[in-house]
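Hello, and thanks for passing this one along. Here is the model again, so that you can follow my comments with the residues in view.

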Amino acid sequence: MFSAACAAQTALPGKLEAESYASMQGVATEATSDAGGGTNVGWIETNDWMNYSVNPATSGWYTVQYRVASAGSSGRLVLSQNAKDISDTVGVPNTGGWQTWSTISSRVFLNAGPQNLAVFAKGGGFNLNWINFTAEHPSVGLPAIRQNGRYWVDSSGKRVNLRGVNLGNWLQMEFWMLNDRMVTNSGPVNDQCTLEGTLAGRFGNLEKERLMDAFRDSWITTRDFDLMKGMGMNVIRVPFYFGVVENEYSPYNLRPNAWKYLDFAINEAEKRGMYVILDLHGTVGGQAGEKEQHDGCVGPAQLWSNAGYRDRTKWLWDKIAERYRGRNAVAAYDLLNEPWGTDAATLANYAYELFNVVRAKDPHHMILLPGHNSGIDAYGNPNTRGLSNVALGMHFYPGLWGWNDAPGAANQANVHAAWLHCNLNGTGESCDWNAKLTGLNTPFLIGEFQPWTMLGSYGGQVTRRTYDAYNMYGWAATNWAYKTVSTGGSNGDTSWWGWGMVTNSSNGGGLGSLNVSTASAGQIENYFRGFATQPLVRNESIAYWMNWKPVVGERIEAEMFTTHSGMRMETTSDTGGGFNVSNIDNNDWMSYPVNVPRAGWYKLQFRLASIYNGGQFVLSKNASDLATLTVPNTGGWQNWQTVTGRVYLEAGQQDLTIFARVGGWNMNWWQLNAE
């Protein structure tokens, strides 16, 4: 039975009476005993549907509530548009009778304006009384991110210090992040192609897609966005596989739920005041090195030898730009992740082609030109091409894979400390990159870095120092990665920690193995869905330092300056461990943002070491000296003494600077105490 009726457009947010459909197939209406009376739609069988004319006031996520009744448990419904599912499928429970009513819910992203929506019965055997749409308004309105010379700025021109994290292993799987606990009869699952190929071979493509969605629904949920926000993040880089958006079985067409996961990430981040960087981590055919799994398939990077694949990648970015044009919560498009399967010149030429594709649809968003493993020089200066809102990107991993790696946590910590600060002559390390980017007058993203694993007790502080150093230069930074899991999990001890800011708890969160060659579809689905509720623990040292602020009455670690000139840091043997500021020369300085609770006199304490007499520094504000102190000869660079003084401070938030008039000393910490 097919029926069409004249139905007025319903404004959303709002409630649709189920019987107010514009057209339907297979259903009938009847009087209802539910609250409010009237009629309900009944006799709903598998593949029946009702079509409604609606007009959402704004684009965004909506909570959808369905008022249902059933004497069985076979009912399943989904919201669809143009014959494509646009929401999750929800099961209708056995409510105890055909007129015993209950409310179930799901979520959907809707564009603004008049449109048709259909409620489609994937499983029959239920009644429907009404459907209610409630807008999920983001709690924080985010200004658009733009370029101003070499800086990331908001729409008012204010610099934005982007510090964030990668959602690795979610929309592009990397099986080492699962402790390699997924196997086939032939051995470990070593890339996403192996997993998906095995599932498709056993169960067919449709069931493979359903199982992959079960994993994606579960690896990252709303609780993860709360955890990221709580650990001091304000931007999330979202690595994704091309097949999350493009229908791999029908090239140049979107998959039915093409935008589900990217929309989810953007919306949930925006609710919490965080931006998103969209990172194409795996192209069709692959773009990365031959031995890498992080672009989908281990093997040669076919993107560079296949013109059709390159064209499909252009099509993909065209669709993404069309979708997210004007969405302020998207900070940038990261065109290609680690595209090292070709030479630097070929990469640069193709990246500029992709840039032009995106810019044709989206005139404003920041676009990242990806660095080669040899650097960024092949791009020349993007500004000379007349480009705007363009940035360059690299991935920096000091201390790993032969990059000055050294055994022991303290040695590793000093590798990072050296990398973050200039050499004694004012060059080298990150300083050379800063000089390069300053010359190019172009923003920069450190899309991946790892500042805590192998660093033991130093990890949390090195993480914060890394963000501070990069942000001081004006660079954005997103660490790798948010979450990894292991067989036994963690009890929260941060003296050893893996690659995730968050990991599974050893208290009920252990990770078993899964053989996808022999497990049933139900077992695989249960394994995947278990990640949604798996108990997690976060690295509390990272959380502490990422949220740390200088406070009057507590020690301020000297190395926790936000800006500086000429300073370096090193591990210290002073009581309490950690780091001290070192190699302080004449006219070096370091600045700290301090909130002074009330005007008045404050006692000063400085923890100092030197082998010289005559060192001197001042505490200043806005280039005006507030107090002058002398550094004694303590008998060694790690022989520490506490020097005291006093200062009068006005109340309020202010930057206090320690300026070295005469250098030749180290500082471990300093403190302000109200008199």
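1. First, some ground rules. This is a predicted model, in which local features need pLDDT of at least 70 and side-chain atom pairs count only at pLDDT 80 or more, while totals for chains, interfaces and linings use all residues. Residues are numbered from 1 along each chain as its sequence is written, and side-chain values use heavy atoms, with hydrogens and water left out.

2. How many cavities of 30 Å³ or more does a search of the whole structure find? There are three. A cavity here is a set of points, on a 1 Å grid over the protein atoms alone, where a 1.4 Å probe fits but cannot get out; its lining residues have an atom within 4 Å of a point. Grid points are joined across faces, edges and corners, and the volume is the space filled by probe spheres set on the points.

3. The largest cavity has a volume of about 60 Å³. It is lined by 13 residues, and the closest to its centre are Trp452, Leu455, Gly456, Thr494 and Trp497. This lining divides into five nonpolar, eight polar and no charged residues. For that sorting, Ala, Val, Leu, Ile, Met, Phe, Trp, Tyr, Cys and Pro count as nonpolar, Asp, Glu, Lys and Arg as charged, and the others, Gly among them, as polar.

4. The second largest cavity has a volume of about 40 Å³. Its lining includes Phe396, His416, Phe449 and Tyr470, and divides into eight nonpolar, three polar and no charged residues. Helices α7 (409-420) and α9 (459-473) each supply at least two of the lining residues, and the largest share, three residues, comes from α7. Helices (H or I, at least four residues) and strands (E, at least two) are DSSP runs, numbered from the N terminus.

5. How do those two helices sit together? α7 and α9 pack at an angle of about 10°, with their axes 10 Å apart. Axes are lines fitted to C-alpha atoms, for helices over the stretch in contact, and angles run from 0 to 180 degrees between N-to-C directions. The two helices are therefore roughly parallel to each other, a label for angles under 35 degrees. His416, Trp419 and Leu420 in α7 meet residues of α9 that include Val462, Arg465 and Thr466; contact means heavy atoms within 4.5 Å.

6. The structure holds two disulfides, each being a pair of cysteine sulfur atoms within 2.5 Å. One of them joins Cys193 to Cys297, with S to S at 1.6 Å. The torsion about its S-S bond is about -45°, so this disulfide is left-handed. Cys193 lies in helix α1 (residues 192-203) and Cys297 in the loop between β21 (275-282) and α5 (307-324), so the pair ties together parts that are 104 residues apart in sequence.

7. Please also look at some backbone details. The peptide bond from Leu12 to Pro13 is cis, with omega near 10°, and Pro13 is in the loop between β2 (10-12) and β3 (14-17). Another cis peptide bond joins Trp480 and Ala481, where omega is about 15°.

Conventions
On a 1 Å grid over the protein atoms alone, a cavity is a set of points where a 1.4 Å probe fits but cannot get out, and a pocket is an open set with protein on both sides within 12 Å along at least five of seven lines; lining residues have an atom within 4 Å of a point. Angles under 35 degrees count as roughly parallel, over 145 as roughly antiparallel, 65 to 115 as roughly perpendicular and the rest as oblique.
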